[in-house]
Amino acid sequence: GWIRYAERVLTNLVTSHICTAKSPQQIMGSLVKGYFARQQNLSPDKIFHVIVAPCYDKKLEALREDFYTALYNSQEVDCVLTSGEIVQIMEQKNVSMKDVTEVAVDSLFDEIKEGDVVRHDGKRSDGYLEHIFKHAAKELFGVDVKEITYKALKNKDFQEVTLEKDGETVLRFAAAYGFRNIQNMVLKLKKGKFLYHFVEVLACPGGCLNGKGQAQTEDGKPDKALLNQMEEVYAAIPVRLPETNMHVQKMYQDWLEGMDSKKVQETLHTKYSAVNQTASNLDIKW
């Protein structure tokens with residue numbers, strides 16, 4: 001949602017500053033249609049790749065031209081279902097969670113035992129602010145940050161993280177969730193009062209766990225108790241840093257031809273640019 005807004009409304013003021021790394025959804029698409037397809041000796045168009053997401057906008061993302069391979073007439077992600085839609089399908093089929101047999105989680109990597117689920121740094125299903133902050137602190141300033149302290153600014157969905165060294169603030173990151181905070185952030189940018197080195201932006205207040213594609217309460221309002229419960233479940237998953245994951249390192253070596261190769265840029269990165277407006281602006285009137 002943020003990318004679509006940036007490309008159609010904010011244009012080059014913002015698009016040139018957006019991180020080029022693909023989203024987790026599309027990186028998974030690259031892995032499934034590239035790495036996994038090669039492992040299984042399958043053409044990418046012979047795999048139907050389904051993503052379950054908390055967000056309707058991920059459907060639009062899956063359709064982007066950047067994520068289509070003409071050679072195989074194949075999208076990296078073929079179908080996106082929201083978690084709310086999964087609930088609806090189960091209700092239509094009169095299927096209850098009690099009726100579903102629990103099975104172990106499969107893996108792209110043959111060596112990993114089933115059910116071994118890990119996550120990256122972060123207290124909930126946000127992006128990579130914590131990982132990038134710790135990595136930048138170590139690489140740029142030799143500081144090993146163990147725990148990150150967030151400072152809430154105008155509200156709990158606009159938070160700041162700073163690193164001080166020798167009495168000077170050397171890193172200043174922010175997390176801006178929801179369009180009220182996004183618009184305040186853009187206003188600072190336009191006024192030349194933008195102090196941040198990195199900003200993590202999510203379109204939904206409360207982050208992705210509070211996405212509109214999630215199962216909703218009858219009145220359509222966020223279920224705070226359920227949201228807190230999901231955050232607790234997510235936080236309980238063990239963290240594994242990518243630089244310590246031998247499977248990630250092996251994949252860079254065997255499949256991506258090194259850490260800084262041309263194939264890495266083609267496979268794991270994309271590009272964002274201003275989109276010319278058509279006569280109808282219906283697609284941005286959310």
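I take a residue as buried when its relative accessible area is under 20%, as exposed when it is over 50%, and as partly exposed in between. The model I am reading is a predicted one.

Entry on helix α1. I looked up residues 2–10 and found this helix mostly covered, with seven of its nine residues buried; among them are Trp2, Tyr5 and Leu10. The cover over these buried residues includes α2 (12–15), α4 (57–62), α7 (179–190) and β8 (198–202). Just after the helix, I noted that Thr11 has a positive phi of about 50 degrees.

Entry on salt bridges. My search gave a count of 11. Glu7 and Arg8 are paired through their side chains at 3.9 Å, N to O, and both of these residues are buried; together with Arg64 they are linked in a network of salt bridges. In helix α4, Lys58 and Glu61 lie three residues apart, about one turn of the helix, and their side chains form a salt bridge at 2.6 Å, N to O. I class Glu61 as buried because its relative accessibility is 14%. Asp144 and Lys146 also pair, at 3.4 Å, N to O; here Asp144 is partly exposed at 47%, whereas Lys146, at 61%, counts as exposed.

Entry on cysteines. I searched the whole structure for disulfides and found zero. Cys55 is in none, its nearest cysteine sulfur being that of Cys204, 5.8 Å away.

Key
Residues are numbered from 1 along each chain as its sequence is written. This is a predicted model: local features need pLDDT of at least 70, side-chain atom pairs count only at pLDDT 80 or more; totals for chains, interfaces and linings use all residues. Side-chain values use heavy atoms; hydrogens and water are left out. A disulfide is a pair of cysteine sulfur atoms within 2.5 Å. Buried means under 20% relative accessible area, exposed over 50%, partly exposed in between (1.4 Å probe, protein chains only). Helices (H or I, at least four residues) and strands (E, at least two) are DSSP runs, numbered from the N terminus. Contact means heavy atoms within 4.5 Å. A salt bridge is a side-chain nitrogen of Lys or Arg within 4 Å of a carboxyl oxygen of Asp or Glu.
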